[in-house]
Amino acid sequence: MRLKGEIPVENEEEGEEEKGRDVNSLLRGVGFHQPQKLVVGYALTSKKKKSFLQPKLLGLARSKGVFFVAIDLNRPLSDQGPFDILLHKLSGNEWCDLIEDYKQKHPEVIVLDPPKAIRHLHNRQSMLQDVADLDLSEYDGKVGIPRQLVITKDPLSIPYEVTKAGLSLPLVAKPLLVDGTAKSHELFLAYDQFSLPELEPPLVLQEFVNHGGVLFKIYVVGESIKVVRRFSLPDVTKCELAEVAGLFRFPRVSCAAATADDADLDPSIAELPPRPLLERLAKELRRRLGLELFNIDMIRQLGTKDVFFVIDINYFPGYGKMPDYEHIFTDFLLSLVQNKYKKRHAT
Ligand SMILES: Nc1ncnc2c1ncn2[C@@H]1O[C@H](COP(=O)(O)OP(=O)(O)O)[C@@H](O)[C@H]1O
Ligand SMILES: [Mg+2]
């Protein structure tokens, strides 16, 4: 069952993991059908597997009856499992069909998350559309997106399009599609109009918003949210804008932290956005996007206390950098099945 164009998912079992069939027969064979015994089939890249399925998570999950089982993409899905939950970060057409097919045969399975909903985040225009549609005015603060423009064709037309749309320099140029490749995260800062035709469409051109060099990463796992501060790009002064010309490739500043311990900056560097605002934002986006596992990159406009811009949303981010993700994730998985169990018994 090798999928065309899919990210290869390694299947080697590691010390801390259980083999799919063994676990299932172990659980079901001895009559464990309580909802708290969970088998989570996962299809993740080896990189994601390494950062997410850390021994601490596996150990804690196992102690609460949650078992992670690698899905073998070379074997039919229906020969594996049964799974209570499918956890994945794949979205090709064939994989979508396989998940649909599995769901038809096993209507009880919970898919984290629906491939079609994940796909919505693979386009930098559609990913921010739901934020643009939100009205959170009754909460302490304003959340929007920077003014932006999509360019799909002729790079020579960019200066004209930018003027027509009334966008101000400097502009951040981002590849329109986010496909997991390094290239799709290659961003440029354009200081002047003349450099714009050098860019390669399809892309999104977004106004650069000065934000004091601090970015908020909001991790969402179902109803739980955690926010950490990261260094971001420094502000661009008017002086610099007048003097500098050309296109500059972005350094990947916000990726620098390796673990949750060094992920959050000193609290004195920036006050966190108001909690009610974040909770509302996360809740609305969960509902509108139809996703449970994502993170939001947000900045606070320089010189304001409560004007925020969402600049990026990622599916299944590096949760290894989310403080306490082991507990949050395990409890989330358990709660999903418990809620379903409760609902079934309530009807
Ligand atoms: N509109 C913007 N204004 C200011 N800084 C931005 C803007 N867009 C992106 N950045 C900076 O660039 C970084 C990467 O941009 P992002 O849209 O998150 O792309 P990626 O997909 O590479 O994470 C952000 O973390 C932030 O530091
Ligand atoms: Mg980002």
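**Helix crossing, sheet order and backbone exceptions**

Helix α3 passes helix α10 in a right-handed crossing. A crossing is right-handed if the near helix is turned clockwise from the far one by less than a right angle, and left-handed if anticlockwise. The model is predicted: local features need pLDDT of at least 70, side-chain atom pairs count only at pLDDT 80 or more, and totals for chains, interfaces and linings use all residues. Residues are numbered from 1 along each chain as its sequence is written, while chains are lettered from A and ligands numbered from 1 in the order in which they are written.

Two packed helices are described by the angle between their axes and the distance between the axes. Here the axes of α3 (residues 55-63) and α10 (residues 325-346) come within 9 Å and cross at roughly 40°. That makes α3 oblique to α10. Angles under 35 degrees count as roughly parallel, over 145 as roughly antiparallel, 65 to 115 as roughly perpendicular, and the rest as oblique. Axes are lines fitted to C-alpha atoms, for helices over the stretch in contact, and angles run from 0 to 180 degrees between N-to-C directions. Helices (H or I, at least four residues) and strands (E, at least two) are DSSP runs, numbered from the N terminus.

Lys56, Leu57, Leu60 and Ala61 of α3 meet Glu326, His327, Phe329 and Thr330 of α10. Contact requires C-beta atoms, placed from the backbone, to lie within 7 Å. The contact residues divide into four nonpolar, two polar and two charged.

An open sheet holds five strands in the order β5-β14-β13-β10-β11, with mixed pairing. Pairing requires at least two DSSP bridges between two strands. The edge strands β5 (142-144) and β11 (224-231) each pair on one side only. Neighbouring strands are turned by 30° against each other on average, direction ignored. Strands β13 (residues 293-300) and β14 (residues 307-315) are antiparallel over seven bridges. Asp297 stands opposite Asp312 in β14.

Most residues other than glycine have a negative phi, and most peptide bonds are trans. Gly81 and Pro82 are joined by a cis peptide bond, with omega about 5°. Pro82 lies in the loop between β2 (66-70) and β3 (85-88). Another cis bond joins Pro201 and Pro202, with omega about 0°.

Phe316 has a positive phi of about 40°. Its loop runs between β14 and α10. Phe316 counts as buried, with 20 C-beta neighbours inside 10 Å (buried means 20 or more). Asp324, in the loop between β14 and α10, has a positive phi of about 65°. Asp324 is exposed, with 10 other C-beta atoms within 10 Å (exposed means 12 or fewer; values in between are partly exposed).

Technical notes
Two residues are in contact if their C-beta atoms, placed from the backbone, lie within 7 Å. Ala, Val, Leu, Ile, Met, Phe, Trp, Tyr, Cys and Pro count as nonpolar, Asp, Glu, Lys and Arg as charged, and the others, Gly among them, as polar.
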